[in-house]
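Let's take a walk through the aromatic rings of this protein. Have the sequence and the model open side by side as you read.

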Amino acid sequence: MERISENLSEAMQNKVAFRIPIFGGIPVPVSCVVTWIIMAILVIASILLTRNLKLIPDRKQMMLESFVGFLRDFFREQLGEKGMAYFPFLATVIIYIGFANIIGLLGFTPPTKDLNVTAGLAIMSIVLVEVAGIRAKGTKGWLKSFAKPVAIIAPLNVMELVIRPLSLCMRLFGNVLASYIIMELIDAVCPIVIPLAFSAYFDIFDGFIQAYVFVFLTSLFINEAIEDDD
């Protein structure tokens, strides 16, 4: 039991991959390195998949177009045509989080297990939500929206600027970390057969579910910001 506790404590730590030898040594965490790996994989895959696109698509291009079309239809349903300007960001986020959550299958530590990563994603999303509101209503209309439906609840609406990113951040971080801890426990108790089935669930199914929930909530917030009439 003590060994399991030690393994869990070690697994929950965000280890430093290396240090940049300037200003006394800047630590670069493992989550940052794994994120760079994911970015490189996605960039290379994007270049390879979009090379030599044809008017009459082959099987590879049809699969790519079907995937992009699926994402566009999903976000169009959530955002409406007016909010599709934010589709590129949301599609990028769902792909990144999906890959980040399943990269554990390749032996890497999921970067979304790091609270700093999920906090960064949440802050970017909420900034986008507020920018969408300003673009749709203008600065004056955006400020007035905090006093709706009645001026007395304006402080609560202002608090949402903090509550929303905190909610997105902790939901993603908590679910990913919980899945990671459960897998470590299962692997420690029964390391041969059972972890394979649970890994398929937590790393693949649950990983994509968390990516879906994150962008779904962000889409709802954007839709609310751009559709809230004066």
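Predicted model: local features only at pLDDT ≥ 70, side-chain atom pairs only at ≥ 80, totals over all residues.

Residues are numbered from 1 along each chain as its sequence is written, and side-chain values use heavy atoms, with hydrogens and water left out.

A pair of aromatic rings is described by the distance of the centres and the angle of the planes. Rings of Phe, Tyr and Trp (its six-membered ring) pair if their centres lie within 6.5 Å; planes under 30 degrees apart count as stacked, over 60 as edge-to-face and the rest as tilted. By this rule there are four aromatic pairs. One of them joins F74 and F75: the centres are 4.9 Å apart and the planes stand at 70°, so this pair is edge-to-face.

F75 has 0% relative accessibility and therefore counts as buried (under 20% relative accessible area; exposed is over 50%, partly exposed in between, with a 1.4 Å probe and protein chains only). F75 also pairs edge-to-face with F87, at 5.8 Å centre to centre and 65° between the planes. F87 counts as buried too, because its relative accessibility is 9%. Together, F74, F75, F87, Y212 and F216 form one aromatic cluster.

Finally, look for charges over rings, meaning NZ of Lys or CZ of Arg within 6 Å of the ring centre and within 35 degrees of the ring normal. R72 lies over the face of F87, 5.1 Å from the ring centre, and R164 lies over the face of F221, at 4.3 Å.
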